Every structure is written in C-alpha cells, then in structure tokens.
Amino acid sequence: MTDTATLSDTATPIVKAADVAYVRFSAPDLDAMERFVTDFGLVVAHRDENLLLSRGLEPMPFLHVVHRGPAKFIGWAFEVDSEDDLAALADAVPGCSAVHDIGGTEGRLGGGKRVHFVEPISGFVLEAVHGQHAEPLASRRDRHTYNHAGVDDRVGVEQDVVGNRYPIKKDPGPAEVYRLGHVVAAVPPGAHQAFMKCLADTFGMLVSDSARMIIPPGAEEHFPQPLVELIAATGSDVMFQFLRMDRGDALTDHHSILVLALMDGTPEAQFSHAAFEVFSMDDVFRGHMHFRERAAEGAPYALAWGVGRHVYGSQIYDYWHDPYGHVHEHMCDGDRVDASYGPNTIDMTDPGQLGFNGGSQWGPTVDESGIHSLNGPQCDPKFAEQPEEIRASLLSRDLSGVQHIVDAI
Ligand SMILES: [Fe+2]
C-alpha cells in the first residue's frame, strides 16, 4: 500500500489542465448572492433575472457563476492550453459534449470554447475552457510593501493599507479578489480515491501532499472500525490529497484541487469550498473584518474557519459560509511549485505531521473558530434553519432541477 496507491497506475492523461477557471452554482435568491459576492470582493460582471457572473482583477471574464434555480453547487471549470485539448476531452471522456463556442452572456463577456461532462463518481459537472479573455481590472490598493524588523523595504511612505489616510473615506470595505485559487470536493469514502484517480487520468493532476492513515500492523483496534474497514475494502489508506496542475518547469499553486473523504455519513459528494486569491494578508484580514461587520448587521454569513495559516500550501486563510452554506475562502501567500515537487506523504496518525487545529501553522483553535469540518453546506450553522427543500437540494447531486442550465453550458 503506497501513498499513490490510487494514482500510481495513471497512464498518460488525456490533457494537462492549466488551472481552475470558475465555479458554478444555482440559487433561489440572486439578490442575496449578489450581496454576498460583492461583500466577498468579487466584481459583478453581469446580472439579470436568471444569471449572476462575477470576476476578479485578473484578465478573465468571470470566475463565479450563479444561476437562478434550486440551491446547489453544480461544478467547476478547468482551463486548458488549446482547442486540441478540448477536442481530446470530447473524444475520450464518456458523455462529454462536443467542442463548441461559449454561448450566451458567458461567451459575450469573454469568448472562448469549452466542453462539459457530468463526472459519474462525484456527480459534479466538470467543464474545460480555452480562449477566454477579458481586460484586467485595476486594483484600488495595489501591492503593499512590508517592513520586517531590521529590514526597511518601505522607506518614507506610510503603511496605508485601507486607503483611508488621505482622504478620509469608509474604505476598508471588502477584500479585492484577484483570481480563483482552488476548489475542494468532499467525496464519500472509497469514491474519493476513484475521483482522485479520475482527476489525474483526465486532467493530468499531480499529487503534492497525500494524507494517509498509516495504521501500524496490529494496532487496528485503536482506530475507528469504519476507518479500518474502509482501508481494507479499498486497499488504500489515502484520506485526502492536495492535487496540482502539471506545468512542467513552470510554477503552479501547491494545490488547485483538494479531494477529501466525506466521513460524516452524507451520502453524496459535496462542495467543500472554493478559495479565491487576494494580494496580501491585509486583504485577508480586511475581508474577515468586513464579513464580521456584515454578519453583525444581520447578513446571512457565518464564519467557517479563520484567520490562520495552513501547513500544507502555506496559505493565510479565512473561510465563510455564503447565504446557502457554500464556503468561500480568501487566501494569499500560498506555495508555488513546479512538477518536480513531491509527492509527499502526511502520516495522519502522527499529530505532529498534520499541524495543530486541523492543519494550521497558526490560527484560531477549532473551538474558537467554530469550524467542525469543511465537508459541505451541511456544516453551516444556518443549515438547520434552511427550509427542507433547500437542504435536500443542497446535499443532492441530482441535476434534474438544473438540467436546463447544464444543457446550456
Ligand atoms: Fe482552501
């Protein structure tokens, strides 16, 4: 049994994806979602009765899509290098659409071509896009230069990170989002390993860090029996994996996808969270304070976890539940690595390797932050208050209520 037990037989992948491009949701109340994405620091690129498209500062037309419909995470898109890559996916992936121009408002904003398919292990709709483009947006604040003790990188300039020194104006405001950083899926045990392999086989994803429950022989009785049985049944002790794009010698994020085993009994795969990159830790904290203010005013947002700094990937993080419980993360200062990195093994039976409090270099304790897991919208403190219809829709991967949306992708 090895740390790449579910990936080691990966043949040449169909494509090597370049990055993640956007996430796609549906929600009954687009007004509530527009307020949320604005408070999150996204810029609304389009809004009509049925569609909300939001973007960051990078030169991409949108990175967050919400359709009017049942409360549901639909899936996400990979960016690929060429139309040939789209054609390769269309040829090789069962049920994949043909390559076509991105239509409707999404195409009008940024052009490009794409394919999509319903991934059968997870039930998520996965898309691949190429050729989207938009002009970048200017930052209101730009980069900050930090002084460190004994190292004066900023000389003769006040540290005005909120833009309110001259003139006086109410602007900390929201964080400024630059780009989509990573997407995290929580997939029922056993299927989670098959989904990891699917991402490697289809999009060429590489393992950065692989978290394994390495139970010493004869010590099985000291570990939860469902876990022991899962490992025996699947032949793999991989519980979660940080996966990155294969960009050869070029740098890429330590993880663009993380796949977790969904261990809380929820029967279908869930959207854990999407992380959006901001420029600096000042923006992470600014976003945190803005959400705290808005939540205190009654906005339907709940802190999931933060502010802290991860061990694996090193990002400074802050996680919040949106009005439907889907977690959106602000992050910055993540590790950038090339194809030579890893794969590394995290031994989950060794508390010293995971880092305290669920993988933090520093940050709030589990109790202080309120986080119990990032397994999906069922972890939102507001979840029990949602109408039954919304709770059922959030947790189900049944696409029948959004089939018209999927058909139009
Ligand atoms: Fe994250």
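Tyrosine 178 is partly exposed in this predicted model, with a relative accessible area of 31% (partly exposed lies between buried, under 20% relative accessible area, and exposed, over 50%, with a 1.4 Å probe and protein chains only). Phenylalanine 279 is likewise partly exposed, at 38% relative accessibility. The rings of tyrosine 178 and phenylalanine 279 form a tilted aromatic pair, 5.5 Å centre to centre with 50 degrees between the planes. Rings of Phe, Tyr and Trp (its six-membered ring) pair if their centres lie within 6.5 Å, and planes under 30 degrees apart count as stacked, over 60 as edge-to-face and the rest as tilted. Tyrosine 178 belongs to strand E9 (residues 177-187), whereas phenylalanine 279 sits in the loop between strand E14 (270-278) and helix H6 (281-296), so the pair ties together parts 101 residues apart in sequence. Helices (H or I, at least four residues) and strands (E, at least two) are DSSP runs, numbered from the N terminus.

The count of aromatic pairs comes to 25. One aromatic cluster is formed by Phe25, Phe73, Trp76, Phe78, Phe117, Phe124, Phe195, Phe203 and Phe271.

Residues are numbered from 1 along each chain as its sequence is written, and side-chain values use heavy atoms, with hydrogens and water left out. As the model is predicted, local features need pLDDT of at least 70 and side-chain atom pairs count only at pLDDT 80 or more, while totals for chains, interfaces and linings use all residues.

Side chains of opposite charge can pair when their charged atoms come close. A search of the whole structure finds 22 salt bridges (a side-chain nitrogen of Lys or Arg within 4 Å of a carboxyl oxygen of Asp or Glu). In one of them, arginine 24 meets glutamate 127 at 2.6 Å, N to O. This pair links distant parts of the chain, with arginine 24 in strand E1 (residues 19-27) and glutamate 127 in strand E8 (residues 125-130), 103 residues apart. Both arginine 24 and glutamate 127 are buried.

A salt bridge also joins aspartate 253 and arginine 336, whose closest N and O atoms are 2.6 Å apart. Here strand E12 (residues 252-253) holds aspartate 253 and strand E18 (residues 336-337) holds arginine 336, 83 residues apart. Aspartate 253 is buried at a relative accessible area of 8%, whereas arginine 336 is partly exposed at 46%.

Lysine 382 and aspartate 380 form a further salt bridge, with 2.7 Å between the closest N and O atoms. Lysine 382 is buried at 14% relative accessibility, and aspartate 380 is buried at 3%. Through shared partners, salt bridges join Asp19, Arg179, Asp253, Glu277 and Arg336 into one network.
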